[in-house]
Amino acid sequence: MRSLGLRELNISVDDFHMVFLRKFSGLNNAIDAVRAALDLGLTVVVGTVKVVGSEITTAHLREVFKDVEDKVFFQEDFATPIDRAAVLRPLVPRYKLSEIKGGCPHVGTLSVHPDGSVAICCGHAAMPNTDYGRFFVIGNVINEDLRTIINRFYRNAFAWYLFARGGPQSLLAKLNPDEEIANICEACYLLVTRYRDSLVKLSLRKKELFKALLSNGGDIGDLL
């Protein structure tokens, strides 16, 4: 689990956040925050979410922060078209499930949310304040010890599959190989919304799940 503490400042700067930034001083607001954070010795990450045709991209922000570019980390990704952002689906690249390889690297980066909920990852789909996000919640630090929650994560067969056995896109492909997604977060979102009944039935077969995961030839998909 990643702990930012007081060592790192993450700032989101993109077309979507500019709607709010313009109410103050626009990009100057972000520029002042970045420079102040650097003066305090913090690591600074500027994150940008974009769609096709976005005006603000990492390339643009590198120019904006050119005097401190070598001291700032930039992250850029296309918007994840889930929940309210589903309207953006036509504006982000779509991929066949077979085009996205490997397990999900975000699983195991446990996220602690304002209400104390702990989710199995830090992805967009694992938002505990939504109906679909509750599927990823494994505990609450207000009611129990964090170590207990972490140990519960280690016994979560579904989480292990997402991390080590092909990721959510692989499981989604077994349910509907014709689905297309923008990224693995959308794959998880579809699993716990459109295919929720199948996933719930699968989660009830815990012993068989672990047996399939631990065997060389076994596959969780065979239990669907």
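1. The structure has one cavity of 30 Å³ or more. On a 1 Å grid over the protein atoms alone, a cavity is a set of points where a 1.4 Å probe fits but cannot get out, while a pocket is an open set with protein on both sides within 12 Å along at least five of seven lines; lining residues have an atom within 4 Å of a point. Grid points are joined across faces, edges and corners, and a volume is the space filled by probe spheres set on the points.

2. Before going on, a word on provenance: this is a predicted model, where local features need pLDDT of at least 70, side-chain atom pairs count only at pLDDT 80 or more, and totals for chains, interfaces and linings use all residues. Numbering runs from 1 along each chain as its sequence is written, and side-chain values use heavy atoms, with hydrogens and water left out.

3. Back to the cavity lining, which includes Cys-104, Cys-121, Cys-185 and Cys-188, along with Phe-136 and Pro-168. Helix α7 gives the largest share, three residues. By class there are 10 nonpolar, two polar and no charged residues. Here Ala, Val, Leu, Ile, Met, Phe, Trp, Tyr, Cys and Pro count as nonpolar, Asp, Glu, Lys and Arg as charged, and the others, Gly among them, as polar.

4. Now the open sites. The largest pocket has about 1,800 Å³ of space. Its lining runs to 44 residues, with Ser-12, Val-49, Cys-122, Gly-123 and His-124 closest to the centre. Elements giving two or more residues to that lining are β1 (8-12), α1 (15-21), β2 (43-50), β3 (72-78), β5 (111-112) and α7 (184-191). The lining splits into 21 nonpolar, 16 polar and seven charged residues. Gly-123 also turns up in the lining of the largest cavity.

5. The second largest pocket comes in at about 250 Å³. It has 13 lining residues, and Arg-155, Asn-156, Ala-157, Phe-158 and Ser-203 sit nearest its centre. At least two residues each come from β7 (137-140), α5 (157-164) and α9 (206-214). The classes here are eight nonpolar, two polar and three charged.

6. The structure holds seven aromatic pairs; rings of Phe, Tyr and Trp (its six-membered ring) pair if their centres lie within 6.5 Å, with planes under 30 degrees apart stacked, over 60 edge-to-face and the rest tilted. Trp-160 and Phe-163 have ring centres 6.3 Å apart and planes at 80 degrees, so they are edge-to-face. They are three residues apart in α5, about one helical turn. Both are partly exposed, Trp-160 at 32% relative accessible area and Phe-163 at 40%.

7. Helix α6 (residues 167-175) has Gly-167, Pro-168, Gln-169, Leu-171 and Leu-172 buried. Buried means under 20% relative accessible area, exposed over 50%, partly exposed in between (1.4 Å probe, protein chains only). The cover over these residues includes α5, β8 (180-181), α7 and α8 (196-203).

8. For the whole chain, there are nine helices and eight strands; helices (H or I, at least four residues) and strands (E, at least two) are DSSP runs, numbered from the N terminus. Of 224 residues, 42% count as buried. The C-alpha atoms fill a box of roughly 55 × 40 × 30 Å, taken along the principal axes.

Technical notes: Contact means heavy atoms within 4.5 Å.
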